[in-house]
Amino acid sequence: MSLKINPLNAIDFYKADHRRQYPAGTEYVYANFTPRSSRLAQMLPDFDDKIVFFGLQGFIKHFLIETWNEGFFQQDKNKVIAAYKHRMDNALGEGAIPVDHIEALYDLGYLPIRIKALAEGSRVNMKVPVLTIVNTLPEFFWLTNYLETVLSAELWKSCTTATIAFEYKHLLTAYAIKTGAPLDFVPVQGHDFSSRGMSGIYDATQNGVGHLTSFIGTDAVSAIDYAEEYYNADGIVGVSVPATEHSVMCMGSEDNEIGTFKRLITELYPSGVVSIVSDTWDFWRVITEFTVELKGEILARQPNAQGLAKLVFRPDSGDPVKIICGDPEAQVGSPAYKGAVECLWEIFGGTKTDRGYKVLNERVGLIYGDSITLERALKILQGLEAKGFASNNLVFGIGSYTYNYLTRDTFGFAVKATWGQVNGIPRELFKDPATDSGTKKSAKGLLRVEKSETGFVLFDQQSAEQEQQGELDTVFENGQLIQECALNEIRERLISSL
């Protein structure tokens, strides 16, 4: 998983000379990473303005330890220093950035940094820092904010993905309870479809684990590897099912589409769950005609070791709400008017939950994974409820429309220095731009975070003794990981907050 990168270059150029810009005699720089605002609150009226803190341990293990060791400390000193000087000279001018401090860091042999953080999987209130970072040796005061670029780039997305995954799980759990659907279906009801739409395979891998903090359904194979490598994941980390794509259906030809369905469900997958993309040509023909012709074969499929024998139809185009729940503007009585769930109910029937909501025959189901968002998922769940169907009639394929249409500003994440020391004298730092709405106003001085009935609370302008208290614990110090957490712990922490 290690990137072939000189970690010294994982910066914005302006970071390179901040060392000389700080006042003479600067000894310590203390900063924090904090979510400052939420756009999600505009989409979900009941969003409680809390993010899920996740991704730090993976960042520490992969970047602060592996990448720094392999890409810097274990390299030939002359080679790595020359490469850094070359990069700076070419971009900023000959000799613009002295390299004596880089040589001193190499000679030290580790990152003299301390990171204190909340427990991963914590749901953290807006404007409360999830971590603090400070140098441990005065001569390396410049290193704290030198790491800002990579720390921000690596963590904001993981936190954001984990937060949105939790909101999906919260939503699906609420409707499972409301309609009497089994809660043990929820962990597979949100399925990660996002990999191909992410910003590179490492992004897909790293943030696929954010999805796994709340679900086990995933098609991101490498995310399971990451979870096992960096989060000590064991047991059931992620699961999926055999599934087709359009090329498979096209290769089978339109004239023999029903033959492709029959071959898949009787020869290749006579038991277990199989998902078949069903809108390559005419979804409504598949859902109302092929199902009737193949009803015997569908019902005759045998349960696998997990007791499952379900054919899952996957519509992949159109308005998700209308495809699943029906289009009131379509011709009355038509399949489009009824929607996919009602069409399947008419053919296969099913059962009812103890709350009186209909559940399709266990041999058939639906998954929708095209342009799903939290808002659309909510509308689909509302539509199913209105038609008398339980929430577990559908699996949601959560793709890059959810996990990559994001920015650092989705939750306003920022790294800001709030304290420093110059010539032995502490300085409390803060920003409060007069031209800003207040979002960018920072905390001040040393920080402490405590738990309360409403979540986490920030206390700033703390003494050195007070800063040692509270919920921020040391997780990384002087090149070493001090505390580890496992994916199962993170999952349990989130379940307890549902």
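At roughly what angle do the axes of helix α13 and helix α17 cross? In this predicted model, in which local features need pLDDT of at least 70, side-chain atom pairs count only at pLDDT 80 or more and totals for chains, interfaces and linings use all residues, the axes of α13 (residues 283-293) and α17 (residues 340-348) cross at roughly 10 degrees and come within 10 Å. Residues are numbered from 1 along each chain as its sequence is written, and side-chain values use heavy atoms, with hydrogens and water left out. Axes are lines fitted to C-alpha atoms, for helices over the stretch in contact, and angles run from 0 to 180 degrees between N-to-C directions. Helices (H or I, at least four residues) and strands (E, at least two) are DSSP runs, numbered from the N terminus.

The helices α13 and α17 are therefore roughly parallel to each other; angles under 35 degrees count as roughly parallel, over 145 as roughly antiparallel, 65 to 115 as roughly perpendicular and the rest as oblique. On the α13 side, the contact (heavy atoms within 4.5 Å) is made by Phe 283, Trp 284, Ile 287, Thr 288, Thr 291 and Val 292. Helix α17 contributes Ala 340, Cys 343, Leu 344, Ile 347 and Phe 348. Nine of the residues in this contact are nonpolar, two are polar and none is charged. In this division, Ala, Val, Leu, Ile, Met, Phe, Trp, Tyr, Cys and Pro count as nonpolar, Asp, Glu, Lys and Arg as charged, and the others, Gly among them, as polar.

The chain as a whole contains 21 helices and 18 strands, and its C-alpha trace spans about 80 × 50 × 40 Å along the principal axes. Of its 498 residues, 53% count as buried; buried means under 20% relative accessible area, exposed over 50% and partly exposed in between (1.4 Å probe, protein chains only). Among contacts with a separation of 6 or more, 76% are accounted for by residues 24 or more positions apart.

The twelve residues of α12 reach 15 Å from the first C-alpha to the last, close to the 16 Å expected at 1.5 Å a residue, the expected span being 1.5 Å times one less than the number of residues. Buried in α12 are Glu 257, Thr 260, Phe 261, Leu 264 and Ile 265. These residues cover an arc of only 115 degrees around the axis, which puts them on the same side of α12; the arc is that of the directions from the helix axis to the C-beta atoms.

Gly 388, which follows α18, has a positive phi near 85 degrees. Most residues other than glycine have a negative phi. Ser 371, although not a glycine, has a positive phi of about 60 degrees, and at 24% relative accessibility it counts as partly exposed.

A positive phi, of about 50 degrees, is also found at Asn 423, which is not a glycine. Asn 423 lies in the loop between β13 (413-422) and β14 (425-428) and counts as exposed, at 55% relative accessibility. Asn 423 is in contact with Gly 25, as are Gln 421 and Val 422, when the neighbours of Gly 25 within four places in sequence are left aside. Gly 25 itself is located in the loop between α1 (18-21) and β1 (26-35) and is partly exposed, with 29% relative accessibility.

Two further residues were examined. Val 209, in helix α9 (residues 201-212), is buried, with a relative accessible area of 0%. Leaving aside neighbours within four places in sequence, Val 209 is in contact with Phe 54, Ala 223, Tyr 226 and Ala 227. Asp 184, in the loop between α7 (148-179) and α8 (186-189), counts as exposed at 66% relative accessibility. Asp 184 and Arg 493 are 309 residues apart in sequence and 17 Å apart in space, C-alpha to C-alpha.
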